[in-house]
Amino acid sequence: MNGHHSYSAHTQAYQSYARPPQQQRPQQSQVSQGHGHAHSHPQAQVKEYPTLNQSSGAKWIKPLTQARISQFNGGHFGDVNLGAVLYERKEDSEEYVKLEVWSAPGLTKPSFAEAIKQEFKPAHKGDSFGPSWTNHWWKVTLKVPENECGKYERVTFEFDPGCEAMIFDVDGTPLHGITGGYGGDRRVEYIIPTSARKKGEHKIVIESSCNGMFGQEGGGIGPPDPNRYFRLDMADIVVPNQDAWRLLWDFTTLRELVDTLPGNTPLQNAALSAANAIMNAFDYRDPSSIKRAREIAQGIFGKDWDKVDGGAGVYDGADEEGDEKGRSLVWGIGHCHIDTAWLWPYSVTQQKTARSWATQVDLMERYEEHRFACSQAQQYKWLEEQYPSLFKRISAQVAAGRFHPIGGAWVEHDANMPSGEALVRQMVYGQRYFESRFGVRCETGWLPDSFGLTGALPQLMRGAGMKYFFTQKLSWNNINNFPHTTFNWVGIDGTQVLCHMTPVDTYTAQATVGDVNRAVAGHKNLESSDTSLLVFGNGDGGGGPLPKMLENLRRIRAVTNTHRELPPVHMGRSVDQFFDHLDKSSERGARLPNWKGELYLEFHRGTYTSHGSIKKGNRHSEILLRDVEHVATLASLAGKKYVYPKKTLDEAWEKILLNQFHDVLPGSAIGMVYDDAEKLYDEVREAGRKMLDDALDVILGGHTRLPSSAWALDQLVAYNTTFFPRREVVQAPLGYSNNALRTQVAQLDGNVGYAVVHCAGGARPAVFEAPPVTEAWGFTPVSVYTNGADHFVLRNASVQLTISNGRITSLLDVQLGRELIQEGATGGLVIFEDRPNYWDAWDVEIHHLEKATQLEFAKVSVVAHGPLRASVNSEVVYGQSKINVTISLDAVPASTKLDSRSMFRFDALVDWHQRHEFLKFELPLALNSDNATYETQFGWVQRPTHKNTTWDMAKFEVCGHKYADLSEYGYGVALLSESKYGFACQGNILRISLLRAATEPDAEQDQGEHTFSWAVLPHKGHFLESDVPAAAYLFNSPLYLRALAPGVTARDLNTSHSPFTLVGAPNVFIETVKRGEEDSYKSGGTTSVVLRMYEAFGGHAQAQLRIAQGLGVEAAYETNLLEDVQEGSVRPLLNDVEHELGLNLSFRGFEVKTIVLILGEKKAKTDKRESWVTVDA
C-alpha cells in the first residue's frame, strides 16, 4: 500500500505513543479462535485489574518532556547524544587532501578555462583569503583508497571557505554550489562518486568567491565591508553515518510536529511520545540503537515508509488533478530567488546563479520528486554565455519536465516605475528567450518580491501569454492585511489573471511542518479555494532547496498519509499545473473573490525616489529607445542602404530591462550596483544617440550636422517623434561668433536666443520660426515683473505665478481670474525629516510628514525677460546642499488643445549633501477632491486624498509616472515630471518627491550633483477633460534639433508628414512604432511594422489608423504583445481616404492594442505629398 498505514495501525500508533514511556502495558492472554470456540491457555492467564496499587502512577509533565527533546542533537550534550555519531570518520591530512590555490588579480572574475592555466601554489586548511569580492581557485586532489572507503555507504568532501564557492569537475562542468559558514543555508558537502572510490583518487576544482550569501554584511543591510577576509575552515574527507542522519531527519520532523501542532491534538502528543521514546532507546555507544530508534519513528511515519526509493513512494496515490480525497492540499515547488543585484553586484549574481542551479540539478538526480521553478531570462542568458556545459545539463532537465522556466520576463522587475512599453519588453524579451532556448512559453507571471504591482499588469501578462500570476510581497504590508490568498486580479482595463499569494507568506520557505501548516492556517479564503503553493528553498542570495528540506517533506507527507492534522504535500508537479488545478477547482475563477486595480504595497514607499540618477536614467533611456525605434523604422523603409539596427536595439533594451530589476531601479542596492547601472545607461545613451543620428540623417536627406553648425534659422530643423502636434519655444544654438543667428531669433537674452517650432502634426520635422510674438500670431506674450528685491511675477494672458519672500504665494488663471493657491498658504520646496523604522533606502514612514521645514527661494534674479520666455533663477542653500532652480513661463500653451494653459517649468541643479532628509515640492491648492489622479502604465490610477480608513491613510506616498493631478469640477492643477516617480496628495496639498538621502545599503546614496525638471500645469476643466496626459507626454519627449546639409533649407520639409496618423479619438495615443520581431533584414525577407497604442483616459473610443499607401501595406493584423498572427486576427484595410489606407479600431478604457502591418513592394510615388521621406537622398 505504498507505505500507507491502515486505520488500525494508525490507532495502534496513537495508543503506543500517547502513554508515558514508563508505563508498561499488561500482557494479554494468548487467545486462539477456531470453530467458534475460544481456548484459554493456563500459562497465560488474563490479569485482573489489581486490588492494590503501590506504584507512583504514570503521569508525565509534558512541558518538561517537550523541553527535553531539544537536547537530542548537538549543544551541551553533543558528545553523548546523536551528534556524537553523525560521522564515522574524518580525514584532513595531506595524505588524503592536497590543496593548491590561485588568486585572481583584483576583482576580476576569470572563467574556468582561464583560471586552470594559471600557476597554483600549495594551500592548507586554515588559510585566510580575501579581500571582499575577490575570487580564488583551488585544485583539490582527494585520496580515497577503496580498501579504506569502499565499505561505506557514502563518502563526502566537506569544503567550507566561509563564503560561497562552486565545485567543478576537471573538465570545467559545474557540479554544485557551496555555501560556507554556519547559517541555516549551509551546504559544504560534496558526495565523492563511487567510481572515484574504486579508482582511489578524485580530482576537482573549486572557485571560492569572497562574499557571503548576503554580500558582506551577514544578513544586514548596511554598506558592505570592502576589506573582509575569509578562512578555510574545512577541507575534509568525511564519512557520514547515513543511518544516524536519517534518524536526525526523523527526529527533526517529530520535533516540528510537536512545536507546530496544538497541544490537544492526538498527533502532537504521539509525536512527542515518539521523540521521547527515541531518546530513551538511543545509546551513542550502541550502533544498533539507531535502528531501534528509527523503528519507533515509524509509528508516526508508517511502517517501512522509506523503503520505496528512500521515501519517494510516499507521494504515490495522488490523482492526476492533485486532489487528495477532498482534503486541503499543499503543492510544493522548489525555488531559488536570486536577486539579480542587491547587496552584491551583477557579476556576483552570475556566479550565484551557476552555483544555485547546479545544486538543483544535483538534487534532481537524487530526489525524483524534486521540481524547481526558476524565473529571469537574463540569468539564463548569463549562464548560457558563461557556463555552457551547465546550461546544457539544465536544458536536459527542462526537457525532462523537472526544471521549470517561469515568469516570462527578462528579470523580476520592479512593477511600479518601468513604463508600459518597458513592461511589454520585459515579457517579450523574456518569453522569446524561453521559447528560443527551450521551446516553451511561460503561462505564469512570477513577481514574488516586487514592491507593489501596477494595475496595468493583468492586461500585459495576458497579452504575453500568461493567465496566471504569483506574488507574495503584500504580506509585508505595515498597516493593513491584504484580504485574499487566491483571487481574480482585475486590471485597470478589466482584464483578469488568476492570482495566488502563498499563505506561507514567503518565497523562501524552509519546508518545515510550520510552513505546511501555515499553508492552510494562513489561507484567507478557504471558502472558495483550499489549495496553496509552498515555495521552498533558500533565496534572495540564492542557494535553493537543500537535501534536508526534501527529506523533511517526505516525512511530512508520510505523516499526512495516515493522519489528518496536517494537509498533504503534493510534489512532482509544476507551478503551471498548480494554477491549472486552481482554475478548474474554482470553476474558472467564478468561485473566487476579485481585486480591482493596483496591488499597492504598504511598505517601501521610499523606493519611488531613492537614487534619483537611476530613475532619470531609466525614464530617459526608455524614451530614447522609443524614439530610436520610431525613426529607425521610418529610415529602414525609406533608405535603400539603411538597415534597421535590431541587434543594437536588443542589446540596449536588455540593459534597460536589467536595470529595472526590483532592487536596482528602486534604489535599494549597494553602491557597487549603481556604478554598474550608470555604466549601462551611459552605453544605452551612447548607442541610442548614434542610432538616432543615423536614422535622422536618412530621414532628413543625408549629411545632417550638429545644430551649432547652422548659420541661419532656415537651416535648423526640429524632429518631433511624438504623434501629437506641438508648438514650443526652443533655445537656438547660438555660438559666440554666430552673429547671423543672433539677429534672427525672436528673443535674445545675453548669449541665449529663443525661437519657435511649430509642428502641425505628429511624427515629422518642423522648421524654426521667429514670428512676431503677438496674440495675432497665436501667442500669449510673457513678461516678468519684480520689485527688485523679494517679489517676482511671471505672467502671460493665460496664467500667472507670484513668488514673494521666497515662497509661491499665488497661482492665477488669468483668463478666469481664479486663484489656485489656498488662501493664507504658500507653495515651494520643503524638507522633511526622513528616518524610517528600519529599511533605510526602501521606506519612508507616515511620521515623516510631521516634521517639515519650508525652504525659501533666495537670490532670485531675472534671466529671461520675454516675450517668448520669461525666467527667474533662484538659489536655496540648506545645510551642506545648494539648490538652484530656474522657473520659466513660455508664450505658448502646454499643448495645442483649445483652452490649454501655459505651464510653469522648474529646472533644478542640486548639489545634494544631506543625510536622512527628504526634498519635495508642494502646492497647497484651492481645490477639493476626494481623489488625486496619477499616471500609471498605459493609463492612470486614482488614490485618496483623505484618511477615512487605514487603507486610505496607507497611501501617503505613491508612485506616478509623468503626471499627478488634483481636479474638481471645472478646474485642476497637475504636476508634470520628466524623471521623478514619487508623489503625494494629502488633502489639497499636491507634492512631488525630488531627493532622498538614505545611508543603507548605499552609504552615499544621492550624494552629489543632480539635474531634473518638473512643471506646474493649471488646466480648465476636470482632469478627464484636460490635456494633462498629452502635455506630460510632450514634457518628457525632446525635440531633436539638427542642421541640414548645405544647399537644403528647412522650408523644403514643409510637405513631409508621417506615414501613420490616428484620427477620431484624441484619447488614444500611439506609443510605439517599430519593426517586427520576426523581420528579416536580408533581401527578400519579411518586412513588417508594429504599432502599439492605448486608450489613455479610461473610456471607449472608435479610432481610425491611417497609413500612407506608399508604404505598400498588404495586410494588417491585431495581435498579442508577442506579435503572434493568429486566425481571426486579420483586420480589413479601407481605401476610402485619398493616398491613405484606413484601419478602424475599437478600444475599451485603458486597452492596449498591437497592430502588425505586413509590407510588400512600395508603390511608386505619384505625388510628393504622399511621401513621408523629407528629402530625396
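Aromatic pairs come first: this predicted model holds 52 of them.

Next, select Trp357, Phe372, Tyr380, Phe391, Phe403, Trp410, Tyr429, Tyr433, Phe434 and Phe438 together. These residues form one aromatic cluster.

Rings also occur beside charges. Go to Phe918 and show Arg996: the charged end of Arg996 sits over the ring of Phe918, 5.8 Å from its centre. In sequence Val844 and Phe918 are 74 residues apart, while their C-alpha atoms are 9.1 Å apart in space. Val844 lies in the loop between strand 35 (828-833) and strand 36 (852-854). Is Val844 buried or exposed? Its relative accessible area is 0%, so Val844 counts as buried.

Now move to Lys1153. Its charged end sits over the ring of Phe1147, 5.4 Å from the ring centre. The side chain of Lys1153 also meets that of Glu1151 in a salt bridge, at 3.2 Å from N to O. Both Glu1151 and Lys1153 are buried.

Salt bridges are the next topic. Side chains of opposite charge can pair when their charged atoms come close. How many salt bridges does a search of the whole structure find? The search finds 66.

Select Asp493 and Arg1148, whose side chains meet in a salt bridge of 2.7 Å, N to O. Asp493 is in the loop between strand 20 (486-490) and strand 21 (496-501), and Arg1148 is in the loop between strand 58 (1140-1147) and strand 59 (1152-1159), so this pair ties together parts that are 655 residues apart in sequence. Asp493 is buried, at 8% relative accessibility, whereas Arg1148 is partly exposed, at 30%.

Another bridge to select joins the side chains of Arg915 and Glu1004, at 3.3 Å from N to O. Here too the pair links distant parts of the chain: Arg915 is in the loop between strand 40 (904-912) and strand 41 (917-924), and Glu1004 is in the loop between strand 48 (989-995) and strand 49 (1008-1020), 89 residues apart. Arg915 is partly exposed, with a relative accessible area of 37%, and Glu1004 is partly exposed, with 47%.

For a network of salt bridges, show Arg432, Lys646, Asp650, Lys1074, Glu1077, Glu1078 and Glu1123, which are linked in this way. Then select residues 602-681, where an unreviewed UniProt entry places the feature "domain: Glycoside hydrolase family 38 central". Over residues 602-681 the chain is 65% helix and 0% strand, and the end C-alpha atoms lie 30 Å apart.

Helix 22, residues 1028-1035, is a further stop. This helix is mostly covered, with 8 of its 8 residues buried. Among them are Pro1029, Tyr1033 and Phe1035.

Finish on the surface. Phe77, Val80 and Tyr284 form a nonpolar patch there, with about 240 Å² of accessible area together. Tyr284 is in the loop between helix 7 (266-281) and helix 8 (288-301), and at 33% relative accessibility Tyr284 counts as partly exposed.

Notes:
Residues are numbered from 1 along each chain as its sequence is written. This is a predicted model: local features need pLDDT of at least 70, side-chain atom pairs count only at pLDDT 80 or more; totals for chains, interfaces and linings use all residues. Side-chain values use heavy atoms; hydrogens and water are left out. UniProt positions are given in the numbering used here, feature names are shortened, and annotations may be inferred rather than shown by experiment. Helices (H or I, at least four residues) and strands (E, at least two) are DSSP runs, numbered from the N terminus. Rings of Phe, Tyr and Trp (its six-membered ring) pair if their centres lie within 6.5 Å; planes under 30 degrees apart count as stacked, over 60 as edge-to-face and the rest as tilted. A charge sits over a ring if NZ of Lys or CZ of Arg is within 6 Å of the ring centre and within 35 degrees of the ring normal. Patches are made of residues with over 30% relative accessible area and no salt bridge: like charges are joined within 9 Å, nonpolar side chains (Val, Leu, Ile, Met, Phe, Trp, Tyr) within 5 Å. Accessible areas come from the Shrake-Rupley method with a 1.4 Å probe; for residues, only the protein chains shown count as cover. A salt bridge is a side-chain nitrogen of Lys or Arg within 4 Å of a carboxyl oxygen of Asp or Glu. Buried means under 20% relative accessible area, exposed over 50%, partly exposed in between (1.4 Å probe, protein chains only).
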